[in-house]
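Trainee: I would like a close look at one part here. Please go slowly over the terms.

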Amino acid sequence: MAEGQFRDGIVAGRLPSADYEQNFADLHPPLDRHEALVEADRCYFCYDAPCMQACPTQIDIPLFIRQIATGNPLGSAKTIFDQNILGGMCARVCPTETLCEEACVREAAEGKPVQIGRLQRYATDVAMEQGRQFYQRAAPTGKKIAIVGAGPAGLACAHGLAVHGHDVTIYEARPKPGGLNEYGIAAYKTPGGFAQAEVDYVTAIGGIDIEYGKALGRDIHLAELIANFDAVFLGMGLAGVNALRAEGEDAEGVENAVEFIATLRQASDLSSLPVGRRVVVIGGGMTAVDAAVQSKLLGAEEVTICYRRGPEHMNASEYEQDLAAANGVAIRHWLQPKRVVSEGGKVVAIELEYTALDGDRLKGTGEILRLPADQVFKAIGQSFEPSVLNGSGPSIALENGRIRIDAEGRTSLDKVWAGGDCVVDAREDLTVSAVAAGRDAAQSIHRSLTSNGRA
Amino acid sequence: MADIRNDFVGIKSPNPFWLASAPPTDKAYNVERAFKAGWGGVVWKTLGEEGPPIVNVNGPRYGAIWGADRRLLGLNNIELITDRDLQTNLREIKQIKRDWPDRAVVVSIMVPCEEAAWKAILPVVEETGADGIELNFGCPHGMSERGMGSAVGQVPEYIEMVARWCKQNTRMPVIVKLTPNITDIRYPARAAKKGGADAVSLINTVSSITSVDLDSFSPEPSIDGKGSHGGYCGPAVKPIALNMVAEIARDPETAGLPISGIGGVTTWRDAAEFMALGAGNVQVCTAAMTYGFKIVQEMIEGLKNWMDEKGHARLDDIVGRATPNVTDWQYLNLNYVTKARINQDLCIKCGRCHIACEDTSHQAITSTVNGVRHFEVIEAECVGCNLCVNVCPVEDCIDMVALAAGTLDQRTGRKVEPTYANWTTHPNNPMAPKVAAE
Ligand SMILES: Cc1cc2nc3c(=O)[nH]c(=O)nc-3n(C[C@H](O)[C@H](O)[C@H](O)COP(=O)(O)OP(=O)(O)OC[C@H]3O[C@@H](n4cnc5c(N)ncnc54)[C@H](O)[C@@H]3O)c2cc1C
Ligand SMILES: Cc1cc2nc3c(=O)[nH]c(=O)nc-3n(C[C@H](O)[C@H](O)[C@H](O)COP(=O)(O)O)c2cc1C
Ligand code: SF4
């Protein structure tokens, strides 16, 4: 019987056990002190710096880099945390190539931006390794705020409120905090239990109580929260997954990419994690790339991403696409899933139809491609699960299937704010955007509870 | 191919690159390696008088200033003159000169300021067959506390006196090495000339403290928690040295006095600049101590390439070519009007020119135009100061463009005059002749 990578079906232990550690090691290893100084020296300390404008949390990037350059990494970390309390995670997971580093003038000058993300990691690592806290809680105000979801949005909101002396209770459905930082982000972007360490660092300020295993709509209800707290912040992300709308998609071996990644992130022994020999991932975003690359790293022989439009339409950045290619993932374009082929209830292949643009409309050409597959991942986007809000009292206005908010993060319900992936706003669905939303909502809540910021 | 053979006060060498008197020239072993690498000459590490050898500190003797990638920008030392026995040095000098007859071997000397001391050492040096001597009047630390080195170099009368003793007591050419730790370099140079010296060499090191350890509060380099000022050299001192060379070259009292240029020479380009300002050759220390002797290959080839490209056949064609262009401020043409111009195709929009001009100068560069990030010179405000050019990270992105005669200077509202006019005749100058000559 074929061994390792060449075994058919969805099986564990495809690789020699030593390979797993190597495959899932830090994608961008940390800079050492000297490397950080050299990299920091590349920053031009721009006037009204474009990178700062491009950062969704508006970190004063030239200032924090200058603080690294002058041997003041703690001051640098504070500059970062002042704007983004999850600056450590953002340094690891931000698609900097489409944010700060894309705007870096060195990108324009020579195609080699200052490595802002890695410098940000350098400074925040120094502070976190020393357990250095920069903020103190104000005197208790007696105000209580409920937050739903301990993801980046909820945590940023909680920290902002705690600083002002309010008492925060976070209700989290899962057994661990961090949201997608803990369950979703690719393993090689945040190894070493960083997500949990960061939550500990953020909540060390005090006044933040997290209740695990408490799901809104199941264990708690919005009306109760509104009644029992002075304000509520909803940051529960996206729980639903879009369907493939392909015939036979309930066959064994057709899986949700986000769930696969969550399992992977929680696995204590990656060699025990089963993966297919031939994996097909349907989608074109970061989730598709992460699922594909991690399948490959687990030992799948052949991994193909199929996306229904061209490379320029993919949500995954060029950098992410290159990362997939570099890991041996094939990306095929202009293909939409038609039918999952199964034998004995198990997937054996997927049939896809070629597509083309007819004006602005995408349509099938009728030509069919059949790819052998023993595992198919759906990564065609997550959706908001509005049912958790309902069934108790007045309902919140939605827009395009997500929660509608105003510029300050207020929902249509009095006393209820929301932010992060679960809302519809101008922000992209990114960790850093969720942090910005939570942070800004905290200030709005604080203003409303204290008549313009005064207790 | 350009001919770069050098004749400095009759001392011949295959190229104008000498190693300055310092650790690289302290023993036969090093000098042998230097000559194998291609150096044209050496000035042997300074010899002292017969007697118990000099004692150096046993802790760090160097401190440094670095750029971000540890590029050494400035070096500081508290080393004294040679700490090896005089006879050993003399024996090695003799052997080297015998084995390398085509290279320049000059011996640096520092003995107490008494004629007897000089009379004693000169014949024994002469006996080695060395090509010349260099009088170390420059060392700013240690030896100066004992009345030697820069303690002599700071008193023109002493320089003149010692130079004269040497000229009277040896057939060898005498080069006086000057200290930069004075207010006006022309005085010691004039004194050397008056004393009959054949040439001056400069600069020796600049008195300095490189840094302070903020934990121990000790100056660096730290010897058991204490530091002493040392001598600064390397790329950081080059501008200071260039000016001093130029001052001597253009001083009517010392015009024509041969100069050996020293201070921060690291590349062929540095050497060419020293020579253009009037140096007959150059001496190098820090660059060799940083990179090893091999750098001379780049210096030789680089200098030749440049000379070939520009059609300069011999060193004489370049020595002193820039000297006439060094003048006093009062003679600079005040009718020369420049404006900064930013090449928008090269601009990377970092905004440094804007903030430098806005915060610290003349508010002459925009940051936005019609709501878009855009950096452009406002000619009506630009005084042509060059600050934006200096802070711009992109080479050649900002030019200083001279306005042609007859064009309107939007800042002053006056047309640019076609004629040369300087401060000496400027109407605002109280010393200027009251009626302009028509
Ligand atoms: C696979 C994948 C990879 C990604 N990679 C990146 C990346 O590399 N870089 C990047 O910037 N972004 C990435 N993202 C996007 C990013 O993770 C999200 O934008 C971000 O996590 C959103 O934060 P949030 O706080 O709004 O939601 P989440 O992180 O989803 O957190 C929501 C929290 O609410 C909890 N919750 C949900 N429902 C309930 C309920 N009913 N009651 C109580 N609690 C509930 C959840 O358990 C979770 O803890 C990725 C997303 C995915 C899916
Ligand atoms: C460690 C060290 C020791 C030196 N010792 C002497 C010396 O003994 N005699 C002397 O004339 N100059 C001495 N110098 C000065 C050099 O000869 C030279 O003038 C100076 O370093 C400037 O040149 P640079 O910038 O190329 O180093 C010394 C310099 C250094 C760095
Ligand atoms: S938070 Fe993200 S976008 Fe902002 S500076 Fe840091 S790495 Fe760049």
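Trainee: How do the residues of the lining of the second largest pocket divide into nonpolar, polar and charged?

Mentor: This is a predicted model, so local features need pLDDT of at least 70, side-chain atom pairs count only at pLDDT 80 or more, and totals for chains, interfaces and linings use all residues. Residues are numbered from 1 along each chain as written, chains are lettered from A and ligands numbered from 1 in written order, and side-chain values use heavy atoms, without hydrogens and water.

Now your pocket. Its lining has eleven nonpolar, eight polar and six charged residues. Nonpolar means Ala, Val, Leu, Ile, Met, Phe, Trp, Tyr, Cys and Pro; charged means Asp, Glu, Lys and Arg; the others, Gly among them, are polar. The volume is about 840 Å³ (the space filled by probe spheres set on grid points, joined across faces, edges and corners). A pocket is an open set of points on a 1 Å grid over the protein atoms alone, where a 1.4 Å probe fits, with protein on both sides within 12 Å along at least five of seven lines; lining residues have an atom within 4 Å of a point.

There are 25 lining residues, and the closest to the centre are Leu334(B), Asn335(B), Tyr336(B), Val337(B) and His426(B). Strand S17 (338-342) and strand S22 (414-415) of chain B each give two or more residues to this lining (strands are DSSP E runs of at least two residues, helices H or I runs of at least four, numbered from the N terminus).

Next, where chain A meets chain B. The contact (heavy atoms within 4.5 Å) takes 13 residues from chain A and 14 from chain B. The two chains bury about 1000 Å², 65% of it on carbon and sulfur atoms (accessible area, 1.4 Å probe, lost on being put together, summed over both parts). In chain A, His34(A), Tyr44(A) and Tyr47(A) lose the most area to chain B, together 56% of what that side buries.

The interface has one salt bridge (a side-chain nitrogen of Lys or Arg within 4 Å of a carboxyl oxygen of Asp or Glu). Asp48(A) pairs with Arg373(B) in a salt bridge, at 3.9 Å from N to O. Helix H2 (33-41) and helix H8 (105-110) of chain A each give two or more residues to the side that touches chain B. H2(A) gives the most, with four residues. That side of chain A counts ten nonpolar, one polar and two charged residues.
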